Amino acid sequence: MDAVINFGAGLFGAAWPAVWTLVKIVAIVLPLLLGVAYLTLAERKVIGFMQVRIGPNRVGPYGLIQPIADGLKLLFKEVLVPGNASKGIFLIAPMLAFGPALAAWAVVPFTDTLVLANIDASLLYIMAITSMGVYGIILSGWASNSKYAFLGAMRSAAQMVSYEIAMGFSLLCILMVSNSLNLVEIVGGQQKGMFAGYGLNFLSWNWLPLLPMFVVYLISGTAELNRAPFDVAEGESEIVAGFHVEYSGMAFALFFLAEYSNMILVATLTSLLVLGGWSSPLGFLPDGVWWLLAKISCILFLYLWFRATFPRYRYDQLMRLGWKVFLPICLIWLVVVGVWMMSPLSIWK
Amino acid sequence: MDFQTFVFYFLSAILVFAALRVITARNPVHAALHLILAFFTCGGIWALLQAEFLAIAIILVYVGAVMVLFLFVVMMLDINLDRIRQGFWNYLPLGAVLGLLMVMEMGLVLGNKALQIPASTVVTPPGVSNVKEIGKMMFTDFVYPFELASIVLLVGMIAAIALTWRGRKKSKYVNPNQQVFVKAKDRLRVLQMPVEKD
C-alpha cells in the first residue's frame with residue numbers, strides 16, 4: 001500500500017491527494033453500485049422463495065446476470081419528458097434523489113482506519129445529507145405535473161419529516177451514551193463494557209441498553225426509506241407508482257439506485273450505531289470489516305422480509321405511529337437514558 | 001488568489017444569484033427552490049469559516065426540515081401572480097424606504113470596528129471540536145438566552161397548535177337513521193381538473 005502511495009505521489013506530484021481521494025471514492029462507490037444491483041436480485045429471489053416462487057432464473061446461472069440485463073435495458077431506453085412537465089426540475093429531481101444517497105458514504109467508516117473522511121461531526125453530517133434526499137421525491141412529484149405523482153410526493157414529504165424526528169431522537173440517545181458524534185468513536189465505545197470484559201461483546205453493543213431506541217430506529221429507518229410496509233409514497237395499488245409514475249429509462253433507474261443505496265446506507269448505520277460495527281460478537285474472534293458486512297446483510301434481509309410479510313400501512317395509521325407512538329417513546333427514553341447516565345448505576349463511564 | 005478565496009467567491013456568487021432569483025422568480029416553487037440553494041451555499045460558506053456545526057445545522061434544519069414543509073405549502077397554494085402584482089407601484093416607495101433602511105443597518109454593523117473580530121483570532125487549532133465548544137458555551141455562559149429561546153419556541157409551538165385545534169372529534173359511530181337516507185351525490189363529487197401549464 002505504501003509503495004502505491006509513494007509511486008502515485010511521484011507520478012502526480014501536487015495533484016496526488018486529489019487523485020488519491022478520487023481513487024478512494026471509486027473504491028467505495030463501485031462496490032456500492034454492485035451491491036445495489038445484486039440487492040435488487042436478492043430482493044426478488046428472497047421474496048420469491050418466501051412466496052414459494054422461484055424468482056428470476058433465466059438470465060445466467062440462477063439468474064445471476066439479471067441485474068446487469070435490467071440495468072442495460074434501462075440504460076438504452078428513452079427518457080420521456082411528459083408534456084406540460086417542468087422540464088428542468090423533472091430532470092434534476094432524480095439526481096437530487098441519488099446525490100445525497102452517495103454523498104453520505106463519505107464519512108461512513110468500514111473499520112477504525114478504513115474511512116474516507118474521519119470528521120468529528122460525522123453523525124450530524126449523515127443526518128443533514130440524508131435529510132436532503134426527500135427533495136428528489138417532492139420535486140419529481142411536482143415537476144411531473146400529474147395528480148398521482150403529486151399525491152405521492154405530498155405523502156412522502158409528510159412521512160419523511162415525521163419519521164425524521166423519531167429517528168433524530170433515537171440517534172440523540174446513541175450520541176448521548178457515546179459522548180461523541182464521530183462514528184469511529186461511537187463504534188469504539190461499544191467495544192468496552194461489563195459484558196465485553198467477559199468476552200461477550202455482543203451484549204455490550206448499544207442495542208441492549210437502548211433496546212427501545214434500536215426498535216424505533218429500525219422501524220423509522222424503514223419508513224424513511226419509503227420501504228414496505230411504509231411505501232405509501234409509491235403505493236402501486238392506490239396511486240399507481242406515486243412520485244416516479246412519469247419517469248422512464250435511466251431517470252427511473254436513478255430513483256431505484258437511490259432507494260437501494262439508501263437501504264444499504266441505513267443498514268450500515270444501524271450496524272455501526274447499535275450493533276457494534278466491525279467488532280466481533282465474541283471476544284476471542286478477530287474484529288474486521290467482514291463482521292460489518294455480515295451485520296449489514298442481516299439488516300438488509302430484514303427489510304426484504306418486511307416487504308414480503310407486512311401489508312401496507314394506511315396513511316393515517318402511519319402518521320399515528322410516527323407522532324403518537326414513536327415520539328412519546330423517544331422523549332421518555334431520552335429522559336430515562338439521561339437519568340441513567342447521571343445515576344451511580346451508569347454503565348457508560 | 002489562493003484556493004480558499006476562490007471557493008469563497010464561487011459560493012458567494014451562487015448565493016447572491018440564488019438570493020436574487022428568490023425575489024425575481026415568477027413561479028413560487030422556483031423561488032422556494034432558489035431559497036434552498038441559497039441556504040445550502042450559505043452552509044458551504046460557513047463551513048469555509050470553520051463553523052462546521054453551524055454549516056451542518058443550517059442544512060439539517062432549514063434545508064432538511066423547514067424548507068420541505070415550506071415547499072409543501074407553496075406547491076399546494078393557488079397563487080395568482082397578476083393579482084399579487086397589481087399594487088406593485090403603490091407599495092414600491094414604502095418598500096424602497098424599508099430596503100434602504102435595512103441596507104443602512106447592515107452597513108452600520110459591517111462598518112463598525114467594535115463588532116468586527118480580527119481574522120487571526122477566529123482560526124481554531126486542529127483537534128478542537130466545534131460541536132463540543134458550542135455545547136459548552138450554550139450550557140454555561142449562554143444558558144439563560146438558550147433557555148429563553150427554547151421557551152419562545154415552545155410558546156410558538158403551543159400557539160400554532162392552539163390556532164389550528166378544532167376541538168376533539170366526537171365518537172365515530174354512525175346513526176343508521178341518517179345512514180339509510182344518504183345518496184351517492186351527497187357523498188361523492190367528481191371534479192374536472194384541467195391540466196395546468198407552467
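For the complex, the predictor gives an ipTM of 0.80 and a pTM of 0.83.

This is a predicted model, where local features need pLDDT of at least 70 and side-chain atom pairs count only at 80 or more, while totals for chains, interfaces and linings use all residues. Residues are numbered from 1 along each chain as its sequence is written, with chains lettered from A and ligands numbered from 1 in the order written.

## Where the helices meet

Helices here are DSSP runs (H or I, at least four residues), numbered from the N terminus. Helix H5 (residues 122-130) of chain A packs against helix H3 (residues 52-76) of chain B at about 25 degrees, axes 8 Å apart. That makes H5(A) roughly parallel to H3(B) (angles under 35 degrees count as such). A:Leu124, A:Tyr125, A:Met127 and A:Ala128 in H5(A) meet B:Ile56, B:Ile59, B:Leu60 and B:Gly64 in H3(B) (contact means C-beta atoms, placed from the backbone, within 7 Å).

## A:Ile138

Leaving aside neighbours within four places in sequence, A:Ile138 contacts A:Ala153, A:Ser156, A:Ala157, B:Val68 and B:Leu71.

Definitions and conventions. Contact = placed C-beta atoms within 7 Å. Axes fitted to C-alpha atoms, helices over the stretch in contact; angles between N-to-C directions. Helix = DSSP H or I, 4+ residues; strand = E, 2+ residues; numbered from the N terminus. Parallel < 35°, antiparallel > 145°, perpendicular 65-115°, else oblique.
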